[in-house]
Amino acid sequence: MADFFFGLPALVQALAKGAAVVLVIFPVAAACSMAERKVCAWIQSRPGPNRAVPPILAWIPGIGIPQRLGLFQLAADGGKFLFKEEPLPDHVHRFYYTLAPVVAMVPAFTTITVVPLGAYIGMQGRVVPLMLANVDVGMLAVFAVASLGIYSLILAGWASNSKYPFLGGVRASAQLISYELSMTLSVLPVFLWVNAPGSPGTLSLVRVVEFQSGHLHSGWGGAWFLITMPVSAFIFAVALFAETNRQPFDMPESESDLVGGFHTEYGAFKWSLFFVAEYANMIVGSAVFALLFLGGWNVLPWVPLASLLEGLHRLTGSALWLRPLVAGIISMGILGGKVLTLIFIFMWVRWTVPRFRYDQVMRLGWQKLLPLSIANLIAYTVGIYFLQG
Amino acid sequence: MAIIEVKRRPLTFAERTYLPQLFGGMWTTLKHLVGPSETMEYPEQRPAIPPGYRGVPTLVKDPHGREKCVSCQLCEFVCPPKAIRITPGSVAGGAGVDNVEKAPQAFDIDMLRCIYCGLCEEVCPEEAIFLQNQYSMSGYSRAEMVNHKDRLYELGGTLPDKHFKWEVKKAAEEAAGGHH
């Protein structure tokens with residue numbers, strides 16, 4: 001099987017890998033919508049969606065568990081979005097109206113190409129990342145492509161040719177500009193530290209994780225950036241909430257004052273594309289946060305993946321742990337666990353914090369976060385100068 | 001009463017960052033997240049009905065299994081939304097049912113009109129109509145939502161009787177030698 005795969009032309013291999021990633025992310029993003037409803041329900045002391053079950057499956061013992069978790073409700077909703085009538089209002093700009101949901105999906109899935117999803121220990125103990133494109137521009141590519149996602153919101157708002165969607169689109173662009181600055185400035189200290197003088201400069205996320213995989217005796221090298229740069233992590237997290245348009249920063253949607261914001265005029269499958277794109281953005285954003293500040297695929301601070309596998313190998317005496325496939329699965333599990341935890345925190349915050357008013361969002365972005373991130377950058381620049389001499 | 005002066009202190013730095021409040025709020029929601037659900041999952045779980053609950057009006061029989069309603073039509077006349085329609089009739093007679101002279105030939109309560117006010121129960125001199133615990137009425141047509149006499153007795157069943165009005169009256173009459 002492996003030989004067959006590696007015998008294929010490089011382009012086919014790349015397409016297969018890309019399709020595999022998209023085929024995993026898409027259902028996970030869809031499942032997040034059900035997780036959102038369940039977390040919301042539990043926080044509000046409700047059971048949440050727990051009724052739907054196909055009658056032909058109802059006799060299976062134990063079917064109650066997925067039923068009570070709302071998995072069939074998720075399938076029913078997905079099926080409904082797929083098969084219901086596609087409304088196309090008369091007053092919209094048809095081409096751009098249809099284009100906008102596609103434009104939403106493309107950047108959401110494109111960013112995944114430069115995000116490492118795991119790693120295995122290759123020859124000579126080298127850590128090889130599992131990713132679609134191991135490029136040096138890593139973080140820059142994520143910022144550049146993720147920002148394109150905002151065009152879909154603006155496009156949807158404008159193409160809808162209606163008052164509230166337009167306001168939603170305008171707010172989306174204003175919010176993105178305000179928080180993109182703080183977000184970019186907050187990760188600069190990380191890369192300042194990673195790119196020590198003398199080493200080849202890189203913006204790769206893999207390098208950031210490698211930097212965080214040190215042992216206890218390697219001092220700061222093993223500490224996650226969350227420990228060494230809590231302010232950066234905090235600013236990045238807040239900006240991430242704003243960038244993914246999550247509550248308390250749901251300005252583009254603003255259900256309470258803009259009906260549905262940019263997607264007011266959308267329905268059926270086009271609407272669900274926006275929805276999935278939002279969750280895909282969340283997944284990628286959480287993955288980037290985990291890689292930058294939570295040590296990526298390292299299980300604990302000062303315990304890198306290689307030591308974990310070696311420890312397991314010594315503990316059980318089984319050589320199984322040293323196989324690249326097992327290492328890959330474990331590393332993906334660790335990173336996946338971190339991503340899912342972060343997504344849960346996204347939901348937890350959403351159902352806790354009341355949403356900001358538009359002027360509060362702008363004030364927080366420009367008057368609080370931006371000066372804070374600039375001060376943070378200056379402080380760390382000076383600190384890193386003295387640390388690395 | 002002394003005047004208590006409440007100090008209006010400015011917000012502290014921690015409070016102005018919102019963060020303690022934010023984490024406090026998240027702690028509260030976390031407690032709800034892991035706490036029990038407050039929802040009653042209705043068709044499987046039913047609420048406890050308190051005494052005196054005014055559910056669907058029903059007709060009841062006395063402990064001897066006899067109809068109590070004597071079709072006096074007071075409930076029909078008192079009913080504010082005019083949900084009750086009674087066709088009076090006389091009792092066929094025979095053993096066990098000779099305590100009264102009349103009984104309803106037909107007794108219809110239109111549940112699409114009923115407002116569950118309980119005036120019928122209050123006005124009934126025979127204690128024959130009661131608003132009991134049944135609260136869930138549904139049907140596929142308007143006709144189905146009219147409770148006829150047999151359905152009303154089926155819903156009502158038999159309730160204990162505290163007075164045995166007619167037996168007491170009959171016994172008193174016999175004790176007095178046939179005089180009222």
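N245(A) is a buried residue, with 25 other C-beta atoms within 10 Å; buried here means 20 or more such atoms within 10 Å, exposed means 12 or fewer, partly exposed is in between, and C-beta atoms are placed from the backbone. This is a predicted model, so local features need pLDDT of at least 70 and side-chain atom pairs count only at pLDDT 80 or more, while totals for chains, interfaces and linings use all residues. Residues are numbered from 1 along each chain as its sequence is written, and chains are lettered from A and ligands numbered from 1 in the order in which they are written.

**Chain A at a glance**

- Chain A holds 14 helices and two strands, where helices (H or I, at least four residues) and strands (E, at least two) are DSSP runs numbered from the N terminus.
- Along its principal axes, the C-alpha trace of chain A spans about 65 × 60 × 50 Å.
- Of the 389 residues in chain A, 42% are buried.
- Take the contacts in chain A with a separation of 6 or more: 76% of them come from residues 24 or more positions apart. Two residues are in contact if their C-beta atoms, placed from the backbone, lie within 7 Å.

- Helix 11 of chain A covers residues 268-293, and its 26 residues reach 38 Å from first C-alpha to last, close to the 38 Å expected at 1.5 Å a residue. That expected span is 1.5 Å times one less than the number of residues in the helix.
- Most of helix 11 of chain A is covered, with 23 of its 26 residues buried.
- After helix 11 of chain A comes G295(A), with a positive phi near 75°.
- Helix 12 of chain A (residues 305-316) has twelve residues and reaches 17 Å from its first C-alpha to its last, close to the 16 Å expected at 1.5 Å a residue.
- G317(A) follows helix 12 of chain A, and its phi is positive too, near 70°.

**Two residues to look up in chain A**

- Back to N245(A): you'll find it in the loop between helix 10 (230-243) and helix 11 of chain A.
- Most residues other than glycine have a negative phi. N245(A) is not a glycine, yet its phi is positive, about 55°.
- A30(A) sits in helix 2 (residues 10-43) of chain A and counts as partly exposed, with 19 C-beta neighbours inside 10 Å.
- Setting aside neighbours within four places in sequence, A30(A) is in contact with L74(A), G78(A) and V276(A).
- From A30(A) to G169(A) it's 139 residues in sequence and 24 Å in space, C-alpha to C-alpha.

**Chain B at a glance**

- Chain B has six helices and five strands, and along the sequence they follow the pattern α-α-β-α-β-β-α-β-β-α-α.
- A compact globule of 180 residues would have a radius of gyration near 16 Å, but chain B comes out at 29 Å.
- The C-alpha trace of chain B spans about 95 × 55 × 30 Å along its principal axes.
- Among contacts in chain B between residues at least 6 apart in sequence, 72% join residues at least 24 apart.

**The sheet in chain B**

- Three strands of chain B make an open, antiparallel sheet in the order 2-3-5; strands pair if DSSP finds at least two bridges between them.
- Strand 2 (84-90) and strand 5 (146-147) of chain B are at the edges with a single partner strand each, so one side of each has no neighbour in the sheet.
- Strand 3 (residues 102-110) and strand 5 of chain B run antiparallel and are joined by two bridges. D110(B) has V146(B), in strand 5 of chain B, as its bridge partner.
- Helix 5 (residues 149-156) of chain B lies across strand 3 and strand 5, at about 85° to strand 3. Axes are lines fitted to C-alpha atoms, for helices over the stretch in contact, and angles run from 0 to 180 degrees between N-to-C directions.

**A loop residue in chain B**

- E127(B) is in the loop between helix 4 (119-123) and strand 4 (129-131) of chain B.
- E127(B) counts as partly exposed, with 16 C-beta neighbours inside 10 Å, and its phi is positive, near 50°, though it's a residue other than glycine.

**Where the chains meet**

- The contact takes eleven residues from chain A and eleven residues from chain B.
- On the chain B side, there are three nonpolar, six polar and two charged residues. Ala, Val, Leu, Ile, Met, Phe, Trp, Tyr, Cys and Pro count as nonpolar, Asp, Glu, Lys and Arg as charged, and the others, Gly among them, as polar.

How values were computed:
The radius of gyration is taken over C-alpha atoms; the globule rule is 2.2 Å times the number of residues to the power 0.38.
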